[in-house]
Amino acid sequence: VVKSELGWYRDAAEDFQKAFKLDPSDKVAKWGLQWVKQQESQAPLRVLLLNGFQRMSAMNTTYVERRTPENIILGRESYWSLDNQHVIYWSSQERRWKGCRAVDVPRISLQASPGCIGAPERLHILSPSLKGGWFEWNGQQWEKLPMSGVTSFGPLPAPLRIITLKGFWRTAVNTSFVERRQLEFCVSCRETYWSVDGSLFIYWCPKESRWRGSRSQDLLKVQQGESVAPFGAP
């Protein structure tokens, strides 16, 4: 139950499965298996960031969890880089998480664990213990890198929203604006929306209780409370 609450769904299912095999009449184990499956199906996907690798610097990037049947590797979820070039998977042979190129995934089996980076043994990918001490293959042997590992992890954020404006006599305003939620772009604790070329942004103005638009160079003034805006909503 604790593992499931930590988000370690496959580990929890594995424990309940072992208990069920030992005693098929164990109602708690049977309930646990069903409960963990339900928990996993309803939980948001996780995203994690790796950093600190030297020879394999391309592995220093963001990975998003995949749980669909075609992306389950050796019974566990896998994590894929945003460019789909690298994968983090659980090696049941070595009892640790490893990273490899996406093209090497077909080679993964109970007998083969291709990889250019690897975590310490017997630790969960979402464990705070994996924030350092990963290994990198240097061509001849595994080299431990004390500062390499999972820099951060958490639920996959909701997709960014995109809005499109039209009908303004200022033609530059008639374009698409993409949401930005990072703290440095927020105004009055709210998200802002930026034009594709980054020259304009739309923000919520609490003084006027409406959305307004301004130039990118005026962001700091707006964040400080000034109402600088060449266009706005009703």
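Student: How do β3 and β4 pair, and over how many bridges?
Tutor: Strand β3 (residues 78-81) and β4 pair in the antiparallel sense over two bridges. Strands here are DSSP runs of E with at least two residues, numbered from the N terminus, and two strands pair if DSSP finds at least two bridges between them. This is a predicted model, where local features need pLDDT of at least 70 and side-chain atom pairs count only at pLDDT 80 or more, while totals for chains, interfaces and linings use all residues. Residues are numbered from 1 along each chain as its sequence is written, and side-chain values use heavy atoms, with hydrogens and water left out.

Student: Which residue in β4 is the bridge partner of Tyr79?
Tutor: That's Ile88.

Student: And what's in the turn between β3 and β4?
Tutor: The two strands form a hairpin with four residues between them, and Asn84 in that turn has a positive phi of about 65°.

Student: What about β4 and β5, how do they pair?
Tutor: Antiparallel again, over six bridges, with β5 covering residues 96-101. His86 sits opposite Arg101, and Trp90 faces Trp97. β4 and β5 also make a hairpin with four residues between them, where Arg95 in the turn has a positive phi of about 60°.

Student: Is β4 buried or exposed?
Tutor: Six of its six residues are buried, so β4 is largely enclosed by the rest of the structure. Buried means under 20% relative accessible area, exposed means over 50%, and partly exposed is in between (1.4 Å probe, protein chains only).

Student: Zooming out, what's the strand order in the open sheet?
Tutor: Nine strands line up as β8-β7-β6-β5-β4-β3-β2-β1-β9, with antiparallel pairing. β8 (142-145) and β9 (149-155) are at the edges with a single partner strand each, so one side of each has no neighbour in the sheet.

Student: Which residues have the most contacts inside the largest nonpolar core?
Tutor: Leu50, Tyr79, Ile88, Trp97, Ile125 and Trp134, out of 18 residues in that core. β1 (46-51) and β4 (86-91) each supply at least two of its residues. A nonpolar core is a set of buried Ala, Val, Leu, Ile, Met, Phe, Trp, Tyr and Cys residues joined through side-chain atoms within 4.5 Å.

Student: What does Ile125 touch?
Tutor: Not counting residues up to four places away in sequence, Ile125 touches Leu48, Tyr79, Ile88, Trp97, Leu130, Trp134 and Val150. Contact means heavy atoms within 4.5 Å.

Student: New topic: where does Pro114 lie?
Tutor: In the loop between β5 and β6 (117-118). Pro114 is buried, with a relative accessible area of 8%.

Student: Which residues does Pro114 touch?
Tutor: Leaving out residues up to four places away in sequence, Pro114 touches Tyr89, Lys98, Cys100, Asp104, Arg107 and Ile108. From Pro114 to Cys100 is 14 residues in sequence, and 6.3 Å in space, C-alpha to C-alpha.

Student: Which strands does β13 go with?
Tutor: β12 (residues 192-195) runs antiparallel to β13 and is joined to it by two bridges, with Trp194 opposite Phe201. β13 also pairs with β14 (residues 210-215) in the antiparallel sense, over six bridges, and there Ile202 stands opposite Gly213.
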